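Colleague: I am new to reading models like this one. Could you walk me through the ligand site and the pockets, one step at a time?

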Amino acid sequence: MGEKLRLEGVIKSFGANDVLCGVDLSVDEGEMVCLIGASGSGKSTLLRCLNLLEPIDDGRILLDGVDISEPDLDPLPVRQRMGLVFQSYNLFPHMTAFENVMLAPRRVLRKSRAELAPGVESLFARFGLAAQMGHYPDQLSGGQQQRVAIIRALAMRPEVMLFDEVTSSLDPELVGEVLDVLRLLKSEGMTMVLATHEMGFARDAADKVCFLDGGRILEEGPPATIFTDPHEPRTREFLRRVL
Ligand SMILES: Nc1ncnc2c1ncn2[C@@H]1O[C@H](COP(=O)(O)OP(=O)(O)OP(=O)(O)O)[C@@H](O)[C@H]1O
Ligand SMILES: [Mg+2]
């Protein structure tokens, strides 16, 4: 598998707050990379920079070997190739699940309803929501709404998916169904980068776990190493607190 995504010396500050202090990361095609680390360590900022929602101050971000962090580059085609799903689902309340999912592809891909509908319907079916397509968000559980938000991102046919704490606002009994969606995506070969507090999930599903500390990837490796035999004292300390 080739390298899909590469960060080289990525630096990002907000005013005097240095949030990313030289992040290097390589993500292979089909790989699932989990970002872990304390609150404020820069996980969300890293994902937002990857998706070009935040300009970086220095370094480079390469997608398929092409620098996407040039300031004058149009971010829209890149965002189409790289979907980002957040903790809050932000579905439009006055539109059904199906209409919510159709909105962006109709606008951005400029395809007709008839062209898009079969693909969108099959996404709902694949993620166990065929019966809920016509429901409004307030008729769906939190877990179902989050799955609709993931389907909405997938409807753009992205090559990479970024997930920022997508289970954090869910009741514990609904977390599993969303994690199952991530597992299914991985089994289908999707390249994914996740910020997560679900250590159990990172441990059994990730190919690579990166521990962020003070705006740097202090340590990275296969979950078996990071979770059972971390090198860095700060990784050990973090894991002791959260496990
Ligand atoms: N738009 C912004 N403007 C100013 N500061 C910001 C902005 N976004 C993030 N920060 C700061 O960047 C730092 C890293 O925040 P970030 O949200 O990336 O952390 P995180 O690892 O995702 O934390 P959490 O686990 O709580 O989600 C924090 O100090 C935060 O206050
Ligand atoms: Mg965050």
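Modeller: Happy to! A residue counts as near a molecule if one of its heavy atoms lies within 4 Å of it. Keep in mind as we go that this is a predicted model.

Colleague: Which residues come nearest to ligand 1?

Modeller: There are 13 residues around ligand 1, and those that come nearest are Ser39, Gly40, Lys43, Ser44 and Thr45. By class, this shell has eight polar, three nonpolar and two charged residues.

Colleague: Which elements each supply at least two residues of that shell?

Modeller: Look for β2 (17-28) and α1 (43-50). With three residues, α1 gives the most to the shell around ligand 1.

Colleague: What lies 2.7 Å from an oxygen atom of ligand 1?

Modeller: To read polar contacts, look for N or O atoms paired within 3.5 Å. Here, a polar side-chain atom of lysine 43 is 2.7 Å from a ligand 1 oxygen. The backbone takes part too: a polar backbone atom of glycine 40 is 2.8 Å from an oxygen atom of ligand 1, and for glycine 42 a backbone N or O atom lies 3.0 Å from an oxygen atom of the ligand. On its own, ligand 1 has 640 Å² of accessible area, and the protein covers 60% of that.

Colleague: Now the pockets. How much space lies in the largest pocket?

Modeller: The largest pocket holds about 720 Å³ of space. Its lining is made of 24 residues, and nearest its centre are Leu84, Ala104, Arg152, Ala153 and Met156.

Colleague: Which element gives the most to that lining?

Modeller: That is α3, with five residues. The elements that each supply at least two residues are α2 (75-81), β6 (82-85), α3 (97-109) and α5 (142-154). Sorted by class, the lining has 15 nonpolar, six polar and three charged residues.

Colleague: What volume does the second largest pocket have?

Modeller: About 250 Å³. It is lined by 18 residues, with Pro55, Ile56, Ser69, Glu70 and Pro71 closest to its centre. Two or more lining residues come from each of β4 (58-63) and α2, and β4 gives the most, with four residues.

Colleague: And how many nonpolar, polar and charged residues does the lining of the second largest pocket have?

Modeller: The lining of the second largest pocket has nine nonpolar, two polar and seven charged residues.

Terms used
Residues are numbered from 1 along each chain as its sequence is written. Chains are lettered from A and ligands numbered from 1 in the order in which they are written. This is a predicted model: local features need pLDDT of at least 70, side-chain atom pairs count only at pLDDT 80 or more; totals for chains, interfaces and linings use all residues. Side-chain values use heavy atoms; hydrogens and water are left out. A polar contact is a pair of N or O atoms within 3.5 Å; within protein, one must be able to donate a hydrogen and the other to accept it, and residues adjacent in sequence count only if both atoms are side-chain atoms. Accessible areas come from the Shrake-Rupley method with a 1.4 Å probe; for residues, only the protein chains shown count as cover. Ala, Val, Leu, Ile, Met, Phe, Trp, Tyr, Cys and Pro count as nonpolar, Asp, Glu, Lys and Arg as charged, and the others, Gly among them, as polar. On a 1 Å grid over the protein atoms alone, a cavity is a set of points where a 1.4 Å probe fits but cannot get out, and a pocket is an open set with protein on both sides within 12 Å along at least five of seven lines; lining residues have an atom within 4 Å of a point. Grid points are joined across faces, edges and corners, and a volume is the space filled by probe spheres set on the points.
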